[in-house]
Amino acid sequence: MKVVGISVDSVEVNHGHTQKMHFTFPLLSDADASVVRRYDVLHRGFGPKGNDIARPAEFYVDANGMVQWVNLTENIAVRARPEQALAAIDSVKSGHRD
Amino acid sequence: MKRNWNWPIFAGFVVAVGGLFSYEFFAQFPITRDFPWANLLLFASGAALLLVGLFRAFGRPQLYRGKIFGLILTAIALFLFGFFAYEIFYVLKQVPLSAQAPRIGEKAPEFSLPDQNSKQVALAELLSPNGTVLIFYRGHW
């Protein structure tokens, strides 16, 4: 399974962050928030400088690019935990959805 | 007669201020972030100490000081708690509806974005037999 991060941060910020945190997965820079808009996960004015950012959201996409699981938090502080996301994705993959 | 220092008022105020400013620390851990019980516990402890101090100041004023600064520090602590509660229980829940977000069974919208090494990456290249998790996040600050 692949993991990809997307935010409105610049390539430079993502580069620095990846080096610091030793991430091995891609962090994509959507500086003008066009992809964030396309996925309708824009959070207007909620960035540190009142800029538009992405709300926390996770999409699990299968090999054909079809969405199989979506997690849209109702509280910015509450994020999908890795074990919850993996359990949800496992259940999707094995065919019984809850 | 010299009256005693009313320490619970100061201790309560410091603990309540800690309840607000420790949020950044506790927000690092999901268990104290999903629900801010650690901060609420600090606020509650601060309130208890402030109450003890106020009871001393108003109940036995001949023994303890603190009627005026006790009230002032309690008012500030209440204001800080109000601010905390507003941010945590209101502002953090003001998330957009995202009614048009891709749903289960729909095709994920195509995109192409630069990765951390300025290499352009398209969604099609990210798909894998075991699936891909796209994580939108608020950014790093």
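Analyst: A residue counts as buried if 20 or more other C-beta atoms lie within 10 Å of its own, as exposed if 12 or fewer do, and as partly exposed in between. B:Ile76 has 13 C-beta neighbours inside 10 Å and therefore counts as partly exposed. This residue sits in helix 5 of chain B, which covers residues 67-89. Its C-alpha lies 9.1 Å from that of B:Val17, although 59 residues separate B:Ile76 and B:Val17 in sequence. On the other chain, A:Lys20 belongs to helix 1 of chain A, residues 11-21. A:Lys20 counts as exposed because it has 9 C-beta neighbours inside 10 Å. From A:Lys20 to A:Val70 the sequence separation is 50 residues, and the C-alpha to C-alpha distance is 29 Å.

The coordinates are those of a predicted model. For the complex, the predictor reports an ipTM of 0.92 and a pTM of 0.84. Chain B has a mean pLDDT of 95, with 99% of its residues at 70 or more. Within chain B, the lowest confidence falls in helix 3 (residues 30-33), with a mean of 93, and the highest in strand 1 (residues 112-114), at 98.

Chain A has 3 helices and 6 strands, in the order β-α-β-α-β-β-β-β-α along the sequence. Its C-alpha atoms fill a box of roughly 45 × 30 × 25 Å along the principal axes. Of the 98 residues in chain A, 32% are buried. Among contacts in chain A with a separation of 6 or more, 18% join residues 24 or more positions apart. The domain assignment divides chain A into domain 1 (1-55) and domain 2 (56-98), and the C-alpha centres of these two domains are 18 Å apart.

The largest nonpolar core has 28 residues, and the members that touch the most others are A:Ile6, A:Val36, A:Val41, A:Ala54, A:Phe59, B:Leu134 and B:Phe136. Elements that each supply at least two residues of this core include strand 1 (2-7), helix 2 (34-38) and strand 5 (57-61) of chain A, as well as helix 6 (123-126) and strand 3 (132-136) of chain B. Domain 1 and domain 2 of chain A each give the core at least three residues. Beyond its neighbours within four places in sequence, A:Ile6 is in contact with A:Leu28, A:Asp30, A:Val35 and A:Ala54 in chain A, and with B:Leu113, B:Leu134, B:Ile135 and B:Phe136 in chain B. Another core, of 13 residues, lies apart from this one; B:Ile9, B:Val15, B:Leu50 and B:Leu73 are among its members.

Strand 1 of chain A pairs with strand 3 of chain B in the parallel sense, over 5 bridges. One pair of bridge partners is A:Gly5 and B:Ile135, the latter in strand 3 of chain B. Taken over the whole interface, 57 residues of chain A are in contact with 45 residues of chain B. On the side of chain A that touches chain B, 34 residues are nonpolar, 13 are polar and 10 are charged.

Note on methods. Residues numbered from 1 in each chain as written. Chains lettered and ligands numbered in written order. Predicted model: local features only at pLDDT ≥ 70, side-chain atom pairs only at ≥ 80, totals over all residues. Domains from an automatic or database assignment. Core = buried A, V, L, I, M, F, W, Y, C linked by C-beta atoms within 7 Å. Helix = DSSP H or I, 4+ residues; strand = E, 2+ residues; numbered from the N terminus. Contact = placed C-beta atoms within 7 Å. pLDDT = per-residue confidence, 0-100. Nonpolar A, V, L, I, M, F, W, Y, C, P; charged D, E, K, R; others polar. Pairing = 2+ DSSP bridges.
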